[in-house]
Amino acid sequence: MKPIISTIPLKQLASGDILYLQVYKFTGNQTGKKAYIQANLHGAEISGNAVIHHLIKFLMTLDNSQLIGEILLVPVCNPEGVNMRSHQFSSGRYNSYDGKDWNRIFWDYEKEDIDLEAFAKSQINLTEIEIQNNYRQQILDSFHQQSEKINSPSSVPFYKYYRYQLQSLCLDADYLIDLHSSTNQSLDYFYCFHGREESAKLFLLDYGILMGDGEYDGDAFDEAFLKPWLALERSLKKLGKAIQFDIESWTLELGSGMKMNPESVEKGIRGVKNYLANKGMLKIPEFPLAETASHHINLISRKGMKSYYAPVGGMIQNRVEPGRVVKQNQRIYQILNFNKNRELPKVIDIFAETDGVILDNSTNHSVNQGDFVLGIISKNN
């Protein structure tokens, strides 16, 4: 099975050079669901590109009968962020022009001037698939109204053009997978929305962050995709029509920034294959994996994430590594502090406020006061 490969002009630079997106589209000989998978939205978070590379090679070994539906794959989905450098450090988390986080810019249909309650009432006697088709069409119609402003003489800031190009590829999908890595040194984990916990185990990762209602604003890529559907589900439920649409979005955090960690890449490959096989999109040997049903996830509420910031400036030493279990009042790191008070340097011990697991560590061991040092997820949450 060969993909249809298309390039999308994204941005012309002052030099005349053009940045492009490249999309790999695989289509089975049977109609079905659409899955959208992208990687490297933040410039330093590169491991998802290796996952997509493997998936492209793997899908090319299949015949059309083994894919039900359609899969779109977009590696290096943010070429501007990927190319940013400061000496040997790859940043690219923020747009250098306007300071915006590349994953906090996306269009959320729920924020448009819509009467969701009225729409839900108008659909109350329809089937689930009819409601889904009608709502999706409304989302797409509203979304594409942006093109008039984009093509006007005054145009729009680049981030609005960029999000339009990226979201136009995925808003008609059923499953969205956004492959990230931590900006820091980190465990492998994922973000899960309330109500989608049963599907979470399909990725076979050990840790997940559960985002409950009201704990996200819709500006992130995965949030902007799923948030309107969660809102419709709530509106229908209030009217006595309980529906959970087979529409899901996920952010997988695969290892650490600026690294292609082989173990993290392998977990991503296995998890995505298992997810798509369980969803009936892939008919492939050995998948779905038998261990899926018994797989246990440490699913922690977003409120259970605790970040630690440096109380003074200095150098980090003896820090507990990601994945280690810590107890309340256990020392988790030290700061070697060079004061300017005509005193000798001193070592300051920092202790855990609660029991938990170290999720991530800052890449830089040199910190100013208030810099992020490490994150802990509570085991008791």
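Is aspartate 172 buried, partly exposed or exposed?

Modeller: Happy to! Please keep in mind that this is a predicted model. Aspartate 172 has a relative accessible area of 32%. Buried would mean under 20% and exposed over 50%, so aspartate 172 counts as partly exposed.

Now look at its partner. The side chain of aspartate 172 meets that of lysine 34 in a salt bridge, with N and O 2.6 Å apart. Aspartate 172 sits in the loop between α6 (158–167) and β5 (175–182), while lysine 34 belongs to strand β3 (residues 30–39), so this pair ties together parts that are 138 residues apart in sequence. Lysine 34 has a relative accessibility of 10%, so it counts as buried.

Why would two such side chains pair? Side chains of opposite charge can do so when their charged atoms come close.

A second salt bridge joins lysine 279 to glutamate 248, at 3.0 Å from N to O. Lysine 279 and glutamate 248 are both buried.

Lysine 11 and glutamate 80 form a salt bridge whose closest N and O atoms are 2.7 Å apart. Lysine 11 is in strand β1 (residues 4–12) and glutamate 80 in helix α2 (residues 79–82), so 69 residues separate two distant parts of the chain. Lysine 11 is partly exposed at 21% relative accessibility, whereas glutamate 80 is buried at 16%.

Finally, let us step back to the whole protein. A search of the entire structure finds 22 salt bridges. There are 40 positive and 45 negative side chains, and the centres of these two sets lie 3 Å apart. The fold contains nine helices and 18 strands. Its radius of gyration is 22 Å, close to the 21 Å from the globule rule for 381 residues, so the protein is as compact as a globular protein of that length. Of the contacts with a separation of 6 or more, 72% are between residues 24 or more positions apart. Buried residues make up 53% of the 381 residues, and lysine 34 is one that counts as buried.

Terms used:
Residues numbered from 1 in each chain as written. Predicted model: local features only at pLDDT ≥ 70, side-chain atom pairs only at ≥ 80, totals over all residues. Heavy atoms only, no water. Helix = DSSP H or I, 4+ residues; strand = E, 2+ residues; numbered from the N terminus. Rg over C-alpha atoms; globule rule 2.2 N^0.38 Å. Buried < 20%, exposed > 50% of the residue type's maximum accessible area, 1.4 Å probe, protein only. Contact = heavy atoms within 4.5 Å. Lys, Arg positive; Asp, Glu negative; His and termini not counted. Charge placed at Lys NZ, Arg CZ, Asp CG, Glu CD. Salt bridge = Lys/Arg side-chain N within 4 Å of Asp/Glu carboxyl O.
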